[in-house]
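Welcome! Have a look at the structure below, and then let us walk through some of its parts together.

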Amino acid sequence: MISLLDRFSPARIPEEAECLRSQVKAFVAEHLGDRSADVRARSWSGFDASFSRALAAEGWVGITLPERYGGGGRDAFSRYVLVEELLAAGAPVAAHWIGDRQSGPLLLHYGTEEQRQYYLPRMCRGEIFFCIGMSEPSAGSDLASVRTRAIPHEDGFLLNGSKIWTTYAHKSHYMIALLRTSGGLEDRQKGLSQFIIDLSLPGIEVRPIVDITGESHFNEVFFTDVKLTKDALIGTEGDGWAQVNAELAFERSGPERIYSSIVLLDRWIKHLQQLSGHEANAARVGRFMGYMAVLRQMSISITARLVAGDMPVTEAALIKDIGTELEQEIPVVVSQALAENPEIPAEPDLLRTLAFVAQVSPSYSLRGGTREILRGMVARGLGLR
């Protein structure tokens, strides 16, 4: 692993970006109020369009996009600070999350000028929200096994098939989907293209999937003879695989891959501060802090690469894999610690927060790529396969 770790050069967040931190803290304090920890723990899945629009009014949705498209005109370091503070506070970011993190940068790099002018300003104002159409039924985590097809038809494409685990498709306006435009399953990555799909088009059905918590932010989306105009195509037909990999570098490398369980950790530490004489718990907290500090530095290093114009796909896969391990370990350790001291009552909101995070944490190793896929990518990056 030495050759891979050598790619994580030390980097620091510039002072210009750090200056944003106090502004974000003040914004969060004003808009979140006294929401309980179990509500704030839903940060990733917390869909609040009004909060996202308030964030957009500050110029913080599409913060890395050029000002000529309505963006903030700032770099990836500024977005790092923004996201870090939002997640640490447990802000509801789901409404604008996908567009800000992936869809906007994707359209900026690969879209036509007409697509940029049409979609990006509305996204930056919090008027439209995006979801991602990658995973498909029966394909598992094999993203190249795309069956959903967009075939040439009249003056555009005819779309048939389905996507699954599509977060907030039922509340989004557009989906950016990876579709097969030529060839078959045996062609794997060849013949794949990306499209912008208006989810209000005829022939689209969105079915919510209820998860173990009783919530339904996942969906299955069905397409039956959906007519797409030719300007729905993003980039060049057949280049979808390369575009998706560039998109996933943004998805896998940021602070969102470290902080999914941070509200629970903070709430547990607050509980521990009311106790005394629990050295074992102090050691556990110290271990988490050390682990998180290293991961954060590695993540900042990748951000520096993104600012420099690189696409550190392998490094991002590594961060996502080991970051998920930390996020999933936190509810396990907190559960064990509370069970070891049953005579010390835990506050109800701590127990509710633990219950929620414990239920959803298994999904952390599914979203953004499973462990098996990510470790395969790291192995290829090391020349081991």
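A residue counts as buried here when its relative accessible area is under 20%, and as exposed when that area is over 50%, with partly exposed in between. Please keep in mind that this is a predicted model.

Is serine 361 buried or exposed? Its relative accessibility is 6%, so serine 361 counts as buried. You will find serine 361 in the loop between helix H13 (348–360) and helix H14 (371–381). Once its neighbours within four places in sequence are set aside, serine 361 is in contact with Gln328 and Pro331.

Helix H14 has buried residues of its own, namely Leu374, Gly376, Met377, Val378 and Ala379. After H14 comes glycine 383, which has a positive phi, near 75°.

In soluble globular proteins, nonpolar side chains tend to be buried together. In this model, the largest nonpolar core has 87 residues, and the members that touch the most others are Trp60, Leu86, Leu107, Phe130 and Trp268. Which helix gives the most to this core? That is helix H12 (residues 313–340), with nine residues. Apart from this core lies another one, made of 18 residues, including Leu179, Phe195, Ile197 and Ala232.

Not counting residues up to four places away in sequence, leucine 107 touches Gln115, Arg116, Tyr119, Leu120, Phe130, Ile176, Ile196 and Ile234.

**How helices pass each other**

| Helix pair | Axes come within | Crossing angle |
|---|---|---|
| H3 (residues 20–32) and H6 (residues 76–89) | 9 Å | roughly 30° |
| H10 and H11 | 11 Å | roughly 150° |
| H11 (residues 279–307) and H12 | 11 Å | roughly 165° |

Start with H3 and H6, where H3 passes H6 in a right-handed crossing. On the H3 side, the residues that meet H6 are Leu20, Arg21, Val24, Lys25, Val28 and Leu32, and their partners in H6 are Ser78, Val81, Leu82, Glu84, Glu85, Leu86 and Ala89. By class, this contact of H3 with H6 divides into eight nonpolar, one polar and four charged residues.

Next come H10 and H11, with H10 passing H11 in a left-handed crossing. From H10, the contact takes in Ile262, Leu265, Trp268, Ile269 and Leu272, while H11 brings Asn281, Arg284, Val285, Phe288, Met289 and Met292. The residues in this contact of H10 with H11 are nine nonpolar, one polar and one charged.

How do H11 and H12 run, roughly parallel or roughly antiparallel to each other? Angles over 145 degrees count as roughly antiparallel, and the axes of H11 and H12 cross at roughly 165°, so H11 and H12 are roughly antiparallel to each other. Their contact holds 14 nonpolar, three polar and seven charged residues.

**A buried arginine**

Stay with H10 (residues 262–272) for a moment, as this helix holds arginine 267. With a relative accessibility of 9%, arginine 267 counts as buried. Leaving aside neighbours within four places in sequence, arginine 267 is in contact with Ala37, Glu347, Asp349 and Leu350.

**The loop between E3 and E4**

Most residues other than glycine have a negative phi, and most peptide bonds are trans. Against that background, look at the loop between strand E3 (156–163) and strand E4 (174–180), where tryptophan 165 sits. The phi of tryptophan 165 is positive, near 60°. Tryptophan 165 has a relative accessible area of 47%, so this residue is partly exposed.

Tyrosine 168 is also placed in the loop between E3 and E4, and has a positive phi, near 55°. Is tyrosine 168 buried or exposed? Tyrosine 168 is buried, with a relative accessible area of 9%.

Finally, strand E6 (residues 204–209) includes isoleucine 209. Isoleucine 209 touches Ile164, Trp165, Glu215, Ser216, His217, Phe218, Asn219 and Glu220, not counting residues up to four places away in sequence. How far apart are isoleucine 209 and threonine 167 in space? From C-alpha to C-alpha they are 9.7 Å apart, and in sequence they are 42 residues apart.

How values were computed:
Residues numbered from 1 in each chain as written. Predicted model: local features only at pLDDT ≥ 70, side-chain atom pairs only at ≥ 80, totals over all residues. Heavy atoms only, no water. Core = buried A, V, L, I, M, F, W, Y, C linked by side-chain atoms within 4.5 Å. Buried < 20%, exposed > 50% of the residue type's maximum accessible area, 1.4 Å probe, protein only. Helix = DSSP H or I, 4+ residues; strand = E, 2+ residues; numbered from the N terminus. Contact = heavy atoms within 4.5 Å. Axes fitted to C-alpha atoms, helices over the stretch in contact; angles between N-to-C directions. Parallel < 35°, antiparallel > 145°, perpendicular 65-115°, else oblique. Nonpolar A, V, L, I, M, F, W, Y, C, P; charged D, E, K, R; others polar. Left-handed = near helix turned anticlockwise from the far one by under 90°.
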